[in-house]
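Q: I'm new to this one. Can you walk me through it?
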Amino acid sequence: MSDQDDDSNVGLRVVAIIVIAVVAAVVGFAVSLAGKPGTDAAVVEVVEVIEVPEPVGEALARIYFAVGSAEPGADLADAVARAQAALSATPDAIVLLSGFHDPSGDAAQNAELAKARALAVRDALVAAGVSEAGIKLRKPEITAADGPPEEARRVELRVQ
């Protein structure tokens, strides 16, 4: 009987090794597909699309910045107070922030600075109690080159 037991144990071991190898191959293949764009893998990436509305009407406030800086000026406190007052009148409204820059210099660097300025205003609004979910940021915008230079260093705030 011991010869039969040895034969069946060897057979079971061979089957187990084959099953483990197949499972490892399938898992390895699935993992390799997950990292390649354009393939149908078991992992699906969920992308949330956030629609940012177009600005409506005149800006409620304009916050100006120094050259090359994302630190808001003294007009920030007034802008935050105006936004809070407007939101208390229409609590379901959103705050729309638009950062601006001029066309001179490095466009990517200017856009990043305009974005940083809008984020600084957003942070001040959140610190004052405005819900972050109700604040939308628009893509940085370029101002006309013929306007006053401070207009290129501003964030416009709208409650709509």
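Q: In which hand does H2 pass H3, right or left?
A: The crossing of H2 past H3 is right-handed. Keep in mind that this is a predicted model.

Q: What angle do the axes of H2 and H3 cross at?
A: Roughly 60°, and the two axes come within 10 Å. Helix H2 covers residues 76-89. An angle of roughly 60° is why H2 counts as oblique to H3.

Q: Which residues make the contact?
A: On H2, Leu76, Val80 and Ala83 take part, and on H3 the partners are Val121, Ala124 and Leu125.

Q: And how do those residues divide by class?
A: The contact of H2 with H3 has six nonpolar residues, no polar and no charged.

Q: Switching to pockets. How much space lies in the largest pocket?
A: About 250 Å³.

Q: What lines it, and which residues lie nearest the centre?
A: The lining of the largest pocket has 18 residues, with Asp102, Ser104, Pro149, Ala152 and Arg153 nearest the centre.

Q: Which helix gives the largest share of that lining?
A: Helix H3, residues 107-127, with four residues.

Q: What about classes in the lining?
A: Eight of the lining residues are nonpolar, seven are polar and three are charged.

Terms used:
Residues numbered from 1 in each chain as written. Predicted model: local features only at pLDDT ≥ 70, side-chain atom pairs only at ≥ 80, totals over all residues. Heavy atoms only, no water. 1 Å grid on protein atoms, 1.4 Å probe; cavity = no way out; pocket = protein on both sides within 12 Å on 5 of 7 lines; lining within 4 Å. Points joined across faces, edges and corners; volume = space filled by probe spheres on them. Helix = DSSP H or I, 4+ residues; strand = E, 2+ residues; numbered from the N terminus. Nonpolar A, V, L, I, M, F, W, Y, C, P; charged D, E, K, R; others polar. Axes fitted to C-alpha atoms, helices over the stretch in contact; angles between N-to-C directions. Parallel < 35°, antiparallel > 145°, perpendicular 65-115°, else oblique. Left-handed = near helix turned anticlockwise from the far one by under 90°. Contact = heavy atoms within 4.5 Å.
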